Amino acid sequence: MKLRMKFKKDNLVKFISHLDMMRTFERAFRRADLPIAFTKGYNPRPKISFTPALSVGITSSSEYMDVEFYEDISIDDVANRLNRVLPKGLQIIKVGIVDEKLPLSVLNCAVYVLKAALNTVNLQELKKSINIILHQEEIIVEKVTKSGTKFVNIAPLIYGIDLLSNDGNIVNVKIATSIGQQGSVSPKLIVLELEKLLKKKFEVLNIHREELFYTDENNKILPL
Amino acid sequence: MTIEKQLEELLPQVSKPTRYMGNEYNSIKKDQNSIKVHIALAFPDVYEVGMSHLGIKILYHLLNEYPDIYAERVFAPWVDFEDLMRRHSLPLFSLESKTPVSEFDLLGFTLQYEMSYTNILNMLELSKIPIFSKERSDGHPFVIAGGPCAYNPEPLADIMDFFVIGEAEEAITEIINLYKSFNTGLICPKSPAFIGSGRQRAAKSSMDSTNIQRGTIPSLNEGSLKERGEKRKRFLEEVAQIPGVYVPSLYRVSYNNDGTVKNVSPKQDNIPQKIQKRVIEDMDSVYYPTSFIVPYMNIVHDRAVLEIFRGCTRGCRFCQAGMIYRPVREKSVHRLEKLAKDIIASTGYGEISLASLSTSDYSELKQLTEILTDDFRKCQVGLSLPSLRIDAFSLELAKKVQEIKKSGLTFAPEAGTQRLRNVINKGVTETDLLTSVKDAFSSGWNTVKLYFMIGLPTETYEDLKGISDLAYAVVDVYRKIHGHTKGLKVNVSTSTFVPKPFTPFQWEKQITLSKIDERQRYLRKLLRKSKNISYSWHDGKLSFLEAVFSRGDRRLSRVLKIAHDKGCKFDGWNDIFSFDKWMAAFNEADVPPEFYAYRKRSSDEVFPWDIIDPGIDKKFLLRELKRSEKAQVTPDCRIRCHACGINRLKDGGFCET
């Protein structure tokens with residue numbers, strides 16, 4: 001039996017890496033006495049798959065995981081049982097049956113909300129810089145990977161940047177990016193690009209992943 | 001700006017920010033208004049090392065069982081974060097409530113290895129607490145220490161306010177109770193300055209008048225400063241009365257012309273002549289936590305730990321733990337099974353490790369492992385058995401355990417020839433080793449680790465060659481079974497012998513750095529002829545410094561301060577350790593390190609650590625030294641009692657073996 005779960009990761013746990021999340025959930029499942037399945041072989045791993053990694057330091061209300069169980073369980077109380085034993089800051093929001101037509105690995109769009117203070121930057125400057133980024137054909141950034149650094153054009157991976165609201169000197173910016181197999185770009189990289197254009201520090205207070213879904217030209221499909 | 005706010009800004013800039021986050025599952029949050037004593041439990045190394053240590057976990061959970069005590073954790077920040085902390089004037093803080101360490105009532109360090117001492121000084125500096133105890137006043141926490149290295153407390157004598165010698169589960173609560181009564185004025189109500197603590201929190205709550213007792217306290221003005229220093233002194237005199245507590249500032253050390261210690265004596269009549277270690281009598285009723293903190297990051301020992309017994313009956317002559325943790329006291333299988341189940345249920349760990357000095361010596365080991373593997377098979381919890389001795393029986397067990405999870409096999413013959421193994425009283429033979437290895441290879445293992453020490457008393461090149469011969473013999477065993485050596489890995493590693501206090505070798509000298517170098521080179525040459533064998537060795541310079549501090553006296557406190565000022569820290573970390581800075585520090589302090597490391601002591605020498613009574617008699621240790629000189633083996637205590645002295649610690653005896 002395979003269940004899909006939507007969970008949130010808030011400020012208290014935003015520095016936990018992707019790898020640490022796996023361990024954290026494995027232990028939580030054991031504490032909740034839920035019968036998760038393990039891989040066979042030399043080094044058994046729990047059968048949990050996650051959505052594409054969230055950069056360290058970013059909060060989210062839209063993370064998903066698929067979890068396989070070795071026996072059927074009632075899905076009604078899974079969320080409660082887990083929430084009782086999860087560290088503060090991690091919370092299961094929704095549990096459902098896995099839609100096999102939509103594996104988590106095909107999700108290709110992430111929406112973030114970035115909250116920043118306009119201390120040194122004024123709104124006009126910011127709007128102008130956002131516009132430049134949206135109209136550039138090519139934004140080459142250096143990406144450090146396991147196999148070394150490589151140069152990537154992130155321009156086609158940025159789907160949209162919208163100024164949502166500004167309340168005094170606090171501004172909210174919505175950013176939609178590509179994620180998953182076609183390539184992904186962390187909003188942190190976009191902030192760096194903005195700073196390059198602004199030629200000063202852009203004081204980001206928080207970045208939050210709000211949505212994660214699959215999209216083609218006409219449709220937007222949520223995983224759960 | 002609060003520390004939490006500052007962390008928001010700084011943590012994205014550091015490696016492994018989870019080291020400083022706190023908020024792990026099972027970590028404890030308390031309302032600070034409802035507590036009376038706030039204690040910081042500090043481990044002088046990074047989070048992932050400190051969080052792997054059992055002692056600090058036991059004390060953490062034990063103390064937090066009391067509603068009016070709040071114990072929090074503090075670790076050494078890694079260099080990248082330390083740099084940021086200094087640049088942003090962020091003081092060292094506790095993980096749970098992010099309180100500056102300087103605001104605690106007590107700050108307790110655990111001393112697991114000598115090379116962590118400079119980190120203690122660095123942590124005090126980052127906390128803005130004076131490094132030398134005499135410079136602290138009532139506004140500062142009491143800085144205390146315990147753990148195996150506290151059996152020779154002297155190198156830290158000028159730094160610590162006091163030490164707790166031995167097992168601390170009972171002593172620590174006695175100390176805290178005393179502190180509580182001091183702070184609320186129960187012991188010495190005559191002195192008004194006594195009642196009001198100099199601590200900020202106490203001062204603040206007295207202003208709020210929420211606490212009647214504190215509400216009556218006269219305001220703390222500068223005039224009472226001197227008196228408050230008095231209070232600190234009086235507390236130290238009181239705490240020195242608690243068995244197991246050593247207050248170094250209350251003792252005077254005099255020296256002979258040759259630099260050796262002449263005498264250590266109390267400065268006043270009411271202070272004990274000797275400090276006897278604390279021992280827990282009943283291991284089944286002593287507190288043991290089950291709701292261990294579950295870290296997010298991968299720590300060094302990332303598993304549940306089940307302590308099965310304390311002490312060891314083997315009597316290896318180089319081993320300090322085998323001497324100072326006597327007598328052997330086991331927990332019952334029944335208690336252990338219950339603890340294991342509770343620990344897994346409350347932590348969710350995927351592995352549980354049995355902890356002791358010599359796992360195979362647990363009297364019901366077979367029964368225990370069978371019960372635990374059965375209990376945990378379904379939920380994929382693996383069992384690990386470290387410190388297994390080499391024999392067929394333990395191999396049988398290891399096989400059973402490996403049903404769930406596989407790992408390499410480690411053997412510790414310690415020395416290369418039978419003669420030298422007899423000298424150190426490590427009662428294993430070459431046949432034992434080769435039979436077990438053969439068994440292991442037949443059962444599918446192909447990686448073995450072999451641990452040895454070099455520089456043991458009386459060691460010759462023949463003994464070194466014996467190390468290599470053993471390694472090649474292991475390769476031959478594999479070849480005989482499989483017809484080839486493909487896939488076989490024999491990892492040989494050596495460390496350099498460090499003579500330790502309260503062992504039969506406490507009178508011995510360490511070999512010189514150039515000899516360490518020569519002997520390691522010799523082994524390298526011998527061991528590189530086989531592709532299956534790899535050789536690694538412990539840095540001789542570190543072993544030299546360990547030898548200095550393990551048998552050092554209180555003149556080394558100054559050396560520590562100078563080394564710290566020169567930037568020594570994380571000495572156990574290769575990439576940070578600087579031997580040159582250390583040598584410069586010894587030079588500047590005019591304290592020759594060779595005096596401590598290279599000197600063979602005469603049997604009547606007064607040792608700096610003689611002030612401590614670990615329950616083991618010096619006469620017994622001397623007898624053992626004499627036997628070692630004749631390469632005579634002393635059998636396991638369970639075969640015959642050798643009158644080590646431990647029964648002195650309790651009326652009617654102690655040791656059941």
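**First stop: a helix in chain B**

Select Tyr117(B), Thr118(B), Asn119(B), Ile120(B), Leu121(B), Asn122(B), Met123(B), Leu124(B) and Leu126(B): these are the buried residues of α5(B). Buried here means under 20% relative accessible area, with exposed over 50% and partly exposed in between (1.4 Å probe, protein chains only). That makes nine of the helix's ten residues, so α5(B) is largely enclosed by the rest of the structure. Helices (H or I, at least four residues) and strands (E, at least two) are DSSP runs, numbered from the N terminus.

A word on ground rules: this is a predicted model, where local features need pLDDT of at least 70, side-chain atom pairs count only at pLDDT 80 or more, and totals for chains, interfaces and linings use all residues. Residues are numbered from 1 along each chain as written, chains are lettered from A and ligands numbered from 1 in the order written, and side-chain values use heavy atoms, leaving out hydrogens and water.

Step past the helix to Lys128(B), which follows α5(B) and has a positive phi, near 60°.

Now colour the strands of chain B. Six of them make an open, mixed sheet in the order β2-β1-β3-β4-β5-β6; strands pair if DSSP finds at least two bridges between them. Zoom in on β1 (37-43) and β3 (106-110) of chain B, which run parallel over four bridges. Ala42(B) faces Phe109(B) of β3(B) there.

Bring α6 (169-183) of chain B back: this helix packs on the sheet, touching β1, β2, β3, β4, β5 (162-164) and β6, at about 140° to β1(B). Helix α5 (117-126) lies across β1, β2, β3 and β4 (142-146), at about 160° to β3(B). Axes are lines fitted to C-alpha atoms, for helices over the stretch in contact, and angles run from 0 to 180 degrees between N-to-C directions.

**Last stop: chain A**

Show both chains. 27 residues of chain B contact 23 of chain A (heavy atoms within 4.5 Å). About 2,200 Å² is buried between them, 54% of it from carbon and sulfur atoms; that is accessible area (1.4 Å probe) lost on being put together, summed over both parts. On the chain B side, pick Asn23(B), Tyr25(B) and Tyr296(B), which lose the most area to chain A, together 29% of what that side buries.

Which side chains does Asp302(B) meet in a salt bridge? Arg27(A), at 3.1 Å, N to O. The interface has three salt bridges (a Lys or Arg side-chain nitrogen within 4 Å of an Asp or Glu carboxyl oxygen).

Technical notes:
Buried area is the accessible area (1.4 Å probe) that two parts lose on being put together, summed over both.
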